[in-house]
Amino acid sequence: NMKAIEINGEIKVYNKLPNSWEGVMGNFSKLSGEEIRAYGFYDVVTPDYNSTIQKLSDIFWDADNKVFTYSVSNIEFSETLEELKEAKIKSLKMNALNNLSVSDWYVTRKAEKNIDIPSSIITERDTIRSQVNTKETEINNLTTKNAVVEYSTLI
């Protein structure tokens, strides 16, 4: 688990503790938690946040909990609401294309050899297209950037 230390007003984060530190030559990381804290190293705690619409900002010392942690702030999307919707609809259509491509060979076989496409495949393909239409309408009806960014395009 990550540790951090504040040195001259600057917080340095360590994914793993150094092997040696201030007179402890080797096995520094093997010291007890209490001994490591005595040198100024404390746990780094990452707060819960939604990485789709939020980001971690500067690390700071939380004196009440005796840990280093991060501020959470909202991501400011530079794209317009319409641009985000266009990108989300493009992603939706790519997912549909990928889902339809699995059964495209039935359509090709029908065109080349006039062998009927099984009704279950026709139903499955129609369902995919119907879901795209429904989801595209839902995306276009969204009113905030966060709602668009968080919207799932999985079919």
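These legends describe close-up views of a predicted model.

**View 1. The open sheet of five strands**. The strand order is β2-β1-β3-β5-β4. Pairing in this sheet is mixed. β2 (10-14) and β4 (54-62) stand at the edges. Each has a single partner strand, so one side of each lacks a neighbour in the sheet. On average, neighbouring strands are turned by 35° against each other, direction ignored.

**View 2. The pairing of β1 with β2**. Strand β1 covers residues 3-7. Five bridges join β1 to β2, and the two run antiparallel. Strands of a sheet pair through backbone hydrogen bonds, either parallel or antiparallel. Ala4 stands opposite Val13, a residue of β2. β2 is an edge strand of the sheet, with a single partner strand.

**View 3. Glu22 in the loop between β2 and α1**. The helix α1 spans residues 33-38. Most residues other than glycine have a negative phi. Glu22 is not a glycine, yet its phi is positive, at about 35°. Is the residue buried or exposed? Glu22 has a relative accessible area of 61%. Exposed means over 50%, so Glu22 counts as exposed.

**View 4. Asn27 in the loop between β2 and α1**. Phi of Asn27 is near 60°. That is a positive value in a residue other than glycine. Relative accessibility of Asn27 is 47%.

Methods:
Residues are numbered from 1 along each chain as its sequence is written. This is a predicted model: local features need pLDDT of at least 70, side-chain atom pairs count only at pLDDT 80 or more; totals for chains, interfaces and linings use all residues. Side-chain values use heavy atoms; hydrogens and water are left out. Two strands pair if DSSP finds at least two bridges between them. Helices (H or I, at least four residues) and strands (E, at least two) are DSSP runs, numbered from the N terminus. Axes are lines fitted to C-alpha atoms, for helices over the stretch in contact, and angles run from 0 to 180 degrees between N-to-C directions. Buried means under 20% relative accessible area, exposed over 50%, partly exposed in between (1.4 Å probe, protein chains only).
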